[in-house]
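Open the model in a viewer and keep the sequence beside it. The stops below say what to select next and what is there.

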Amino acid sequence: MKKLTLLYICLIVVSQLCIGQRKKMFLGFDYIPAVATEFNSASTENNIFRFSSSFGLNIYHKLSHSPLYIEYGLYTIDRGYGYTVKVINPNGQLFGKYRRKTHQYYLSLPLQLGFKVNNFYLDFGPSFNYLIAQRIKHDKKVINDPPEKTASIGVGSNLSFGMNYTPRRNQGIKYIVGLYGNYLFKPQYLNAGIKFGIKLRLK
């Protein structure tokens, strides 16, 4: 975790040196409802998706005299998957069913390069992730099954595009609505959803 944090800090420092004189800086808050799943050749169950919610804080720097910007922050991301389990009685008849959901909670440190034209934006970049908790649920009930063996540190990528709107009467605020994707390379978790954000100008 220390090496991962040091790498992240180094990348931020380098990006700041590349920016030079900043024109604008904003503090952002994001909420991301999404669908979570895992890409695993061993998974044969149907409907391995479930809903998830993620939250984050970020710092947004606009490059002077350019449509480019960089953004970095700290997010909590609920990764994992879910599927339906059928319960069969001794006679071979369907007795019931429930949803088994695996939750992998990560702290994520994204570093994004973005491009904004008029009210539209596109940004992408790597993310550095640390597993902080695991939980398994049957429907809404938490169970005590042993957690899955998952690496505590992982590298991923982010992609988002949509609308970045600044009201004419208030240049100190931005509203963000866009499509969002976050992919973790190992294990292969994908979260895809909609990002709702607000950014407040700091300087």
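**Charges over rings**

Start with Lys174, which lies over the face of Phe26, at 5.0 Å from the ring centre. A charge counts as sitting over a ring if NZ of Lys or CZ of Arg is within 6 Å of the ring centre and within 35 degrees of the ring normal. Next select Arg79 and Tyr106: the charged end of Arg79 sits over the Tyr106 ring, 4.8 Å from its centre.

This is a predicted model, in which local features need pLDDT of at least 70 and side-chain atom pairs count only at pLDDT 80 or more, while totals for chains, interfaces and linings use all residues. Residues are numbered from 1 along each chain as its sequence is written, and side-chain values use heavy atoms, with hydrogens and water left out.

**Aromatic pairs**

How many aromatic pairs does the structure hold? There are six. Rings of Phe, Tyr and Trp (its six-membered ring) pair if their centres lie within 6.5 Å; planes under 30 degrees apart count as stacked, over 60 as edge-to-face and the rest as tilted.

Now select Phe39 and Tyr183, a tilted pair with 6.4 Å centre to centre and 55 degrees between the planes. Phe39 is in the loop between β1 (22-38) and β2 (50-63) and Tyr183 is in strand β8 (residues 173-184), so the pair ties together parts that are 144 residues apart in sequence. Strands here are DSSP runs (E, at least two residues), numbered from the N terminus. Phe39 counts as partly exposed at 42% relative accessibility, and Tyr183 counts as partly exposed at 21%. Buried means under 20% relative accessible area, exposed over 50%, and partly exposed in between (1.4 Å probe, protein chains only).

**The largest core**

Select Ile48, Tyr81, Tyr83, Val85, Tyr106, Leu131, Leu184 and Tyr189, the eight residues of the largest nonpolar core. Such a core is a set of buried Ala, Val, Leu, Ile, Met, Phe, Trp, Tyr and Cys residues joined through side-chain atoms within 4.5 Å. Strand β3 (residues 68-88) gives the most to this core, with three residues.

**Along the strands**

Show β3 with strand β4 (residues 94-117): they run antiparallel, joined by 19 bridges. Strands pair if DSSP finds at least two bridges between them. Leu68 has Phe115 in β4 as its bridge partner. Leu107 is bridged to Tyr130 in β5. End at Asn118 in the β4 and β5 hairpin, which has two residues between the strands; Asn118 takes a positive phi near 55 degrees.

Notes
Helix = DSSP H or I, 4+ residues; strand = E, 2+ residues; numbered from the N terminus.
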